[in-house]
Amino acid sequence: MIIMEKNNEIILSVKDLKTYIYVNNRCNRAVDGVSFNVHKGKTLGIVGESGCGKSITASSIMQLLPKLSRIESGEIVYHKDDEAIRIDLLERNGKPMRDLRGADISMIFQDPMTALNPVYTIGSQIKENLLYHTSMDKKSMTNKTIEMLEKMGIPLPHQRAEEYPHQFSGGMRQRAMIAMAMSCNPKILIADEPTTALDVTIQAQIFELMQKLKEEHQTAIILITHDMGVIAETADRVAVMYAGKMAEIGNVYDVIKKPKHPYTVGLMNSIPKMGQDTEALMQIEGSMPRLNEIPQGCAFHPRCNQVMEQCKKMVPPMIELEDSNIACWLYPS
Ligand code: SF4
């Protein structure tokens with residue numbers, strides 16, 4: 001299967017993004033030269049173990065980076081209205097960026113308290129987003145708020161809209177935040193481990209809603225997760241990250257069914273399959289290196305069962321194969 005990337009389908013392009021974190025005068029390369037495209041109405045899953053740089057990549061797009069982090073170089077371009085308008089997100093800050101955030105590009109965070117303000121009611125926070133980004137009148141905003149809470153499976157939405165975040169359980173806060181992120185029908189929705197704290201029934205409801213948003217509004221979704229099962233069910237393309245770099249990227253079917261990069265192969269082998277003896281599951285030996293201890297050459301080489309001499313010295317470039325792009329010396333250009 002050949003990766004089709006017609007330019008007019010690309011809504012977001014990230015090129016050679018480098019985001020570093022500075023701690024005690026040391027530069028840690030959290031995101032180190034990452035490139036990918038996101039397509040209109042499609043889901044790109046970004047996977048990898050904790051610390052691989054997936055959340056920092058998402059925060060770089062939103063320009064909501066933690067303290068001590070800085071985008072060093074690269075390009076993040078939002079192609080608004082089918083390429084008619086090209087917005088370089090790294091040239092935007094302050095109000096122009098705030099105008100895009102929440103309307104065109106929205107994010108669902110892992111921790112709902114990152115997005116919810118404890119001193120305002122849940123309903124007023126969803127309405128504030130609608131007030132800032134739409135021309136709805138008061139009644140329509142109230143109706144939309146109730147509708148979104150109801151869609152998220154929050155019981156008695158009229159009543160709960162008047163409550164404060166501390167009156168909601170953790171799972172309900174997560175759903176309220178998702179309601180807020182989806183309320184303006186964003187063109188791009190970034191979901192960073194959106195359902196980690198939720199039970200499977202609510203998880204399924206939320207993925208169904210995201211799917212609906214994608215189909216009805218042609219929303220592009222960037223789904224960040226460590227759960228390959230969720231990726232298999234919801235994503236169209238998948239990008240595998242390791243130690244701040246892209247290891248492999250391609251159509252979900254190709255990457256999941258025929259993984260090529262030894263790290264992707266390891267991830268796939270560690271997922272339980274129907275009827276498989278769990279004792280037969282393979283784990284990738286070792287762990288993701290700390291940011292200040294990333295080895296020379298291919299960062300995966302200390303854990304790789306196919307390591308060669310050159311892997312220890314040189315970083316493999318990303319090369320284009322017929323069905324995926326991959327950074328590994330096993331696949332010479
Ligand atoms: Fe393994 Fe070498 Fe490929 Fe890295 S470049 S994944 S060490 S074979």
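In the predicted model, Y242 and Y263 are both buried. The centres of their rings lie 4.6 Å apart and the ring planes stand at 65 degrees, so the pair is classed as edge-to-face, the planes being over 60 degrees apart. Since Y242 belongs to strand β9 (residues 237-242) and Y263 to helix α10 (residues 262-269), the pair ties together parts of the chain that are 21 residues apart in sequence. Ring pairs join these two tyrosines and F300 into a cluster, and the structure as a whole holds 3 aromatic pairs. An aromatic ring also takes part in a contact of another kind, in which R160 lies over the face of F168 at 5.1 Å from the ring centre.

Helix α6 (residues 170-182) packs with helix α7 (residues 200-217) at an angle of about 0 degrees, and the axes of the two helices are 12 Å apart. Because angles under 35 degrees count as roughly parallel, α6 and α7 are therefore assigned to that class. On the α6 side the contact involves R175, I178 and M182, which meet I202, I206, L209, M210 and L213 of α7. By class, this contact comprises 7 nonpolar residues and 1 charged residue, with no polar residues.

The loop between β7 (188-192) and α7 contains T195, which has a relative accessibility of 6% and therefore counts as buried. When neighbours within four places in sequence are left aside, T195 is in contact with Q174, Q203, I206 and F207.

Note on methods. Residues numbered from 1 in each chain as written. Predicted model: local features only at pLDDT ≥ 70, side-chain atom pairs only at ≥ 80, totals over all residues. Heavy atoms only, no water. Axes fitted to C-alpha atoms, helices over the stretch in contact; angles between N-to-C directions. Helix = DSSP H or I, 4+ residues; strand = E, 2+ residues; numbered from the N terminus. Parallel < 35°, antiparallel > 145°, perpendicular 65-115°, else oblique. Contact = heavy atoms within 4.5 Å. Nonpolar A, V, L, I, M, F, W, Y, C, P; charged D, E, K, R; others polar. Buried < 20%, exposed > 50% of the residue type's maximum accessible area, 1.4 Å probe, protein only. Phe/Tyr/Trp six-rings, centres within 6.5 Å; stacked < 30°, edge-to-face > 60°. Lys NZ or Arg CZ within 6 Å of the ring centre and 35° of its normal.
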